[in-house]
Amino acid sequence: MTLSVFDFFRIGIGPSSSHTVGPMRAAGLFVSALAADGTLDRVDRARAELFGSLGATGRGHGSGPAVLLGLEGADPETVDPDRLPRRSAAIIDEGELILGNSHRVAFDANRDLLFHGRKSLPEHPNGLRFTAWDDAGTTLTKRDYYSVGGGFLRRPDGGDEGSDGDRELPCPFTTAQSLLDWCEQRSCRISDVTLANEQVLHTEADIRAGLDRVRRVMEACVARGFEQEGELPGPFKVRRRAPGLYRRLTGDGMPDPLEAMDWLAAYAIAVNEENACGGRVVTAPTNGAAGIVPAVMHYYLRHTPRPSDDGVARYLLTAAAIGMIIKRGASISGAEAGCQGEVGSACAMAAAGLTEVLGGTPAQVENAAEIAVEHHLGMTCDPVGGLVQIPCIERNAMGSVKAVNACRLALSGDGTHVVSLDKAVKTMRDTGRDMKSKYKETSRGGLAVNIVEC
């Protein structure tokens, strides 16, 4: 599979790329398959089943509404976040679904939208199964999909849904070492390698425009997060903190030498509070870790000397290269690797991007990413109540601070270090495989079972 920068920076909705963006895409693909087979108009009943982590925490993660609107033809990048809960409630109340926004079928949520929290499909913890029948009860089609993190979808045969297949790239890399080799061979930066590969998929003008759109959505998300008061949805009534942090930081307080660290936390919290409310966010590389890359981008733009638009583009290109290495060598899925695969990956991506735009060599960039991965190893994914709130929001704030710290540590050296990024990624993969399933986005372990829902 040829990975694109925009696979790692998908514009979508919260609160979870694996639980909302991926399932919405899967539902849309299922309906498209019915249309391609010529059977859409014959469907009398359709059912969606969610397995494993999707079944265990899908209700809290908004998977149900995402699937329903996906079946009706909604796309994660363009769907109105405010319409999602209203329309899904109407589908359930009215008992009718409009497949592909064109074909009406009866719908019974108790029968046709099933959450199997204790069952899993064989290939991945995040499994979905869609089935359609005609009016005689004959099965028209049954399809399985796996939402493997970051909005990526995998078929049962191991292929990737919606990918560009395998393209011949000028600088192919699957490991950090091969990426460094290309940089040395071409005497270039990591962002240059990423850009050269991306031009196989898109023109440079389209790449620049796409990166600028990603930046604008990230900036808008932070701005909305600073404005929205109140509580997050759910039984815990978590108060939104970003507006208060913003007011304090823009007030007339005494100068604080650690103010930049407070800003980092505020940026990240603003994004992840928006994510928790189902707002418009950019997966980076997932929604649960969506605050770190934007927070460090804002840090670069507002707290470092001589930031530039080109610097933002290079920051994102470098970050995506690290995401590609981690996805290929380990996982960016909390259901597969725990939170080390989400927050750990995002921290590594942000640390690498910042290191490049602050003048770091490719070796220093790789060092920064390795430091970030190394110090997230073993982090569990244990969302309290199945909601992407506690401890997810604060983990993004802490991950943002760690990313800047990793960058500064790497820049203080010459790039020479003992543990390579490839070794750290392999360790992440091995740790994720050894981790008990209750610590991997099932809400059956860790904080999730030690916080009582009141």
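**Two helix pairs in a predicted model**

Good morning. I begin with helix α12 (residues 292-303) and helix α13 (residues 309-329), whose axes come within 11 Å and cross at roughly 150°. Axes here are lines fitted to C-alpha atoms, for helices over the stretch in contact, and angles run from 0 to 180 degrees between N-to-C directions. Helices are DSSP runs of H or I with at least four residues, strands are runs of E with at least two, and both are numbered from the N terminus.

This is a predicted model, in which local features need pLDDT of at least 70, side-chain atom pairs count only at pLDDT 80 or more, and totals for chains, interfaces and linings use all residues. Residues are numbered from 1 along each chain as its sequence is written, and side-chain values use heavy atoms, without hydrogens and water.

Helices α12 and α13 are therefore roughly antiparallel, a term for angles over 145 degrees. In α12, I292, V293, V296, M297, Y300 and L301 meet G311, V312, Y315 and L316 of α13; contact means heavy atoms within 4.5 Å. These residues comprise nine nonpolar, one polar and no charged. Nonpolar covers Ala, Val, Leu, Ile, Met, Phe, Trp, Tyr, Cys and Pro; charged covers Asp, Glu, Lys and Arg; the others, Gly among them, are polar.

What is the angle between helix α11 and helix α17? Helix α11 (residues 259-276) and helix α17 (residues 392-411) pack at about 140°, their axes 8 Å apart. The residues in this contact of α11 with α17 are ten nonpolar, three polar and one charged. Among those meeting across it are M261 and E273 in α11, and I393 and V404 in α17.

Terms used: Angles under 35 degrees count as roughly parallel, over 145 as roughly antiparallel, 65 to 115 as roughly perpendicular and the rest as oblique.
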